[in-house]
Amino acid sequence: SYGDLLTLTAAVRSDASSAFGRDERQQYFPKFGASLDLTEVEAFRNLAGTLVNRLRVRGGLGFSGEQPPGSFDRLSNYVFEPSGTLSGVVNSTRQGNEGLRPERARETEFGFDAEFLNGRVGIEYTRFDRNVTDLILPQTVTPSSGFTERLTNVGSLRNKGNEVLLRSFNVQRDAFSWSTTVTYATNNPIVTRVASGGAFFIPESFNIIRVAANQAPGHFWGTTYRRNEAGQIINAAGVAIEGANGTITGIPAIGPAAVLGNPNPKNYWSVINEFSVRRSLALRVQFDGVGGVDLFNFDRRVLETPFFGVGAAYADELEGRVPRGFFAARRSVFEEYVEDGSFVKLREIALTYTLPNALAQRLRSRGASITFSGRNLKTWTDYTGWDPETNTGGQRTTVRGFGFAAIPIPRSIAMSVNLNY
């Protein structure tokens with residue numbers, strides 16, 4: 001470093017993991033970074049005056065690696081299988097891959113940190129560009145091999161985006177204070193190369209979630225509606241199925257398969273407001289949002305299937321508002337079930353009352369507070385499923401935005417008492 005003006009960093013990390021084959025076990029990951037505090041430059045201070053209290057620009061380049069989900073996934077393993085009162089072992093359905101290499105990510109970023117108005121407003125901005133090679137994903141294998149899938153280094157991926165953090169102290173008084181924190185991030189992952197075999201479906205995704213070059217990872221792929229030049233949905237004879245008055249009079253024809261949607265959100269954001277009254281009463285309100293994301297509502301597809309026929313929409317066929325066989329045909333059109341999954345959630349409201357010292361001392365405590373809080377109180381969304389935030393694939397990186405029998409995030413109300421001794 002050169003005083004507070006310039007800071008340079010450099011490091012190399014060495015990792016060795018038995019999760020990979022002998023030839024790929026040792027990996028090295030260097031990183032470099034630099035930052036320049038412009039407020040240490042007299043010419044900048046003269047130019048900025050009292051408006052800008054601090055401005056630091058920064059940039060960096062770093063490498064990192066990722067392991068497979070399991071420590072023994074490079075091997076063809078056995079799993080326990082009960083049989084009546086006995087237990088035994090059978091081969092796993094996942095085939096081992098001794099040649100599996102670690103994912104390797106190269107990320108560059110630059111940005112700045114700034115403070116204005118005597119520190120009452122602060123901004124942090126980062127632009128990142130992340131390139132991943134030897135991307136590890138499961139691929140379907142020939143069933144005659146005795147397995148259904150294998151982890152493979154399938155190709156490369158690139159993700160670019162922005163991250164912004166804004167903090168402001170809106171009111172600062174002894175009797176009342178109010179601060180706001182806003183975060184916003186963008187995200188645009190694209191598979192840039194598929195190593196071999198071309199596009200493929202992720203196992204256990206009903207052949208809906210797909211990986212292909214020049215597309216988002218884990219995008220939705222499936223059948224579409226057939227449409228005329230005016231964009232109207234048509235039947236097998238080429239006649240529009242919807243009349244001028246909006247009445248459905250025909251059975252939709254199945255069109256060709258195509259990319260249907262992207263389950264990777266384009267942006268995330270959060271807004272937190274915190275209020276304090278005489279340092280005894282504190283209120284925290286948080287809103288979260290996700291935008292530009294598509295979800296596959298498999299629950300709706302099942303509920304509209306004639307075999308089940310318990311969805312509210314299926315009543316239209318039972319009561320004659322659509323032709324018989326309409327839903328049996330529509331369930332084969334996957335385009336119908338890809339929905340906009342953008343949402344806004346009232347994530348949390350928390351109200352805390354700090355007891356006066358005299359009352360806390362009567363409780364033989366150095367301090368005491370009572371908090372009433374609620375989480376996931378309200379959701380605003382056009383998604384017709386249970387919860388746009390849940391995912392049947394859990395934490396799997398490629399099975400995203402898939403709604404099928406997933407439990408919604410519960411709304412919770414809580415009261416807590418905090419005593420300090």
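Guide: What follows is a walk through some of the salt bridges. This is a predicted model, in which local features need pLDDT of at least 70 and side-chain atom pairs count only at pLDDT 80 or more, while totals for chains, interfaces and linings use all residues. Residues are numbered from 1 along each chain as its sequence is written, and side-chain values use heavy atoms, with hydrogens and water left out.

A salt bridge here is a side-chain nitrogen of Lys or Arg within 4 Å of a carboxyl oxygen of Asp or Glu. The count by this rule is 24.

One of them joins R284 and E274, at 3.7 Å from N to O. R284 sits in strand β17 (residues 281-291) and E274 in strand β16 (residues 267-277), so the pair ties together parts 10 residues apart in sequence. Strands (E, at least two residues) are DSSP runs, numbered from the N terminus. R284 is partly exposed at 24% relative accessibility, and E274 is partly exposed at 35%; buried means under 20% relative accessible area, exposed over 50%, and partly exposed in between (1.4 Å probe, protein chains only).

R284 also forms a salt bridge with E348, their closest N and O atoms being 2.6 Å apart. E348 lies in strand β20 (residues 343-354) and R284 in strand β17, so this pair ties together parts 64 residues apart in sequence. E348 counts as buried, at 15%.

R347 and D288 meet in a salt bridge at 2.7 Å, N to O. This pair links distant parts of the chain, with R347 in strand β20 and D288 in strand β17, 59 residues apart. R347 is buried at 7%, and D288 is buried at 13%. Both belong to a network of salt bridges that links D288, K345, R347, D387 and E389.

Technical notes
Helix = DSSP H or I, 4+ residues; strand = E, 2+ residues; numbered from the N terminus.
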